[in-house]
Structure formats: C-alpha cells, structure tokens
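Colleague: Before we discuss details, could you put the model up, so that I can ask about it piece by piece?

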Amino acid sequence: MKYVCTLIAVKNMELSKKFYHDLLDQEVIADLGANVTLTGGFALQRSDTWESFIHKAQDEIIYGNNDAELYFEENDMDTFIQKLSNFNVEYVHPLKEHSWGQRVVRFYDLDKHIIEVGENMAIVAKRFIDSGMTVEQTANRMHVAIDYVRSLIM
C-alpha cells in the first residue's frame, strides 16, 4: 500500500487553481480537467465529478466542516502576511504565535477548506538563536529535544 495524495473537492476548478497558484505558489503538475494535481502533493477534484464518484447529491457534500487542513510552511512569514493581505480571504484566525514559537495563520480557501501557513521550524529556531538564546534555551522554548534544534540550525 502506498499513500499518494490528499484530494479536495472544489466548486470552481479555474478559480481554485488560480487561488492556489497566486497565493500559495502551487504549480499544476497534472491537469486532467476535472482533476488537477498540484506541486504540494495534493489534488483538486471538481465537485460535480466528485459527487458522482461517491454517489452523493450536491447537498450532501459539506464544505467548511473545520475538521482538517492543508498545511504549508513559509520561510518569510512577514512577506507572506503582506501578500495574504492582498487577497480577500476569510480568516480562521490571524497571524499568531504558538507556545513553541512558530508563527501561523489559518484561513479558508474558496470552498472553506482550512489552509494553515506556518513558519518553517528551522526559521523559528534561527530566530531564537539570533535573539541570543542558547541551543538549550531554544529547545526549551520550542518544547523539543536539543538534538532537534541542532539539526534545524545546521
């Protein structure tokens, strides 16, 4: 058995491809019309075909159920947050910092799938080290092992 990818149903394929490309830098690697695979390792499926695959009516497909997310990492959160402000997205929450120091933002895509963009953990560790923290203090702050911090800053 081999896991291949996550697939999400979308109402408008062209708008969804544009959203994922323009905001999240995802390129189309396979476009089969009703099914599109993106560079992030996930696929978009047009909802009208998805309905027929799972033998459900359109009103049985529930968007915005808040039980999963697509997770992306970003090296430059400040620039991404500026870019995000140019898009009319509905936020799950604005930029915040988790207890381990990672800055994240969550918002909905066009079909109410949650998107999380989190700061790359190596960038988090580097930010703490650059602020004068030791590797040990950084590991404590990030709630991780010292060896993990060392692997991030190498």
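Colleague: Which residue of S8 is the bridge partner of Tyr71?

Modeller: This is a predicted model, in which local features need pLDDT of at least 70, side-chain atom pairs count only at pLDDT 80 or more, and totals for chains, interfaces and linings use all residues. Residues are numbered from 1 along each chain as its sequence is written, and side-chain values use heavy atoms, with hydrogens and water left out. S5 and S8 pair in the parallel sense over six bridges, where strands (E, at least two residues) and helices (H or I, at least four) are DSSP runs numbered from the N terminus, and two strands pair if DSSP finds at least two bridges between them. In S8, the bridge partner of Tyr71 is Glu116.

Colleague: In what order do the four strands of the open sheet follow one another?

Modeller: Strands of a sheet pair through backbone hydrogen bonds, either parallel or antiparallel. Here the pairing is mixed, and the edge strands, each pairing on one side only, are S5 (69-74) and S6 (91-97).

Colleague: Which residue of S8 stands opposite Phe107?

Modeller: Strand S7 (residues 103-108) and strand S8 (residues 114-119) pair in the antiparallel sense over five bridges, and the two form a hairpin with five residues between them. Within this pairing, Tyr108 has Ile114 as its bridge partner in S8. The residue of S8 opposite Phe107 is Ile115.

Colleague: How many of the six residues of S8 are buried?

Modeller: Buried means under 20% relative accessible area, exposed over 50% and partly exposed in between, with a 1.4 Å probe and protein chains only. Ile114, Glu116 and Gly118 point one way from S8, whereas Ile115, Val117 and Glu119 point the other way, and all are buried. S8 is largely enclosed by the rest of the structure, because the buried residues number six of the six.

Colleague: Which backbone nitrogen does the side chain of Asp109 reach?

Modeller: Asp109 is placed in the loop between S7 and S8, and it is buried, with a relative accessible area of 6%. Not counting residues up to four places away in sequence, Asp109 touches Ile8, Phe19, Tyr20 and Ile115, contact meaning heavy atoms within 4.5 Å. The turn of the hairpin includes Lys112, with a positive phi of about 70°. At 3.0 Å, the backbone nitrogen that the side chain of Asp109 reaches is that of Lys112.

Colleague: Which strands does helix H1 lie across?

Modeller: Helix H1 (residues 13-24) runs at about 160° to S7, with axes fitted as lines to C-alpha atoms, for helices over the stretch in contact, and angles running from 0 to 180 degrees between N-to-C directions. The strands that H1 lies across are S5, S7 and S8.

How values were computed. Polar contact = N/O pair within 3.5 Å; in protein donor to acceptor, adjacent residues only side chain to side chain.
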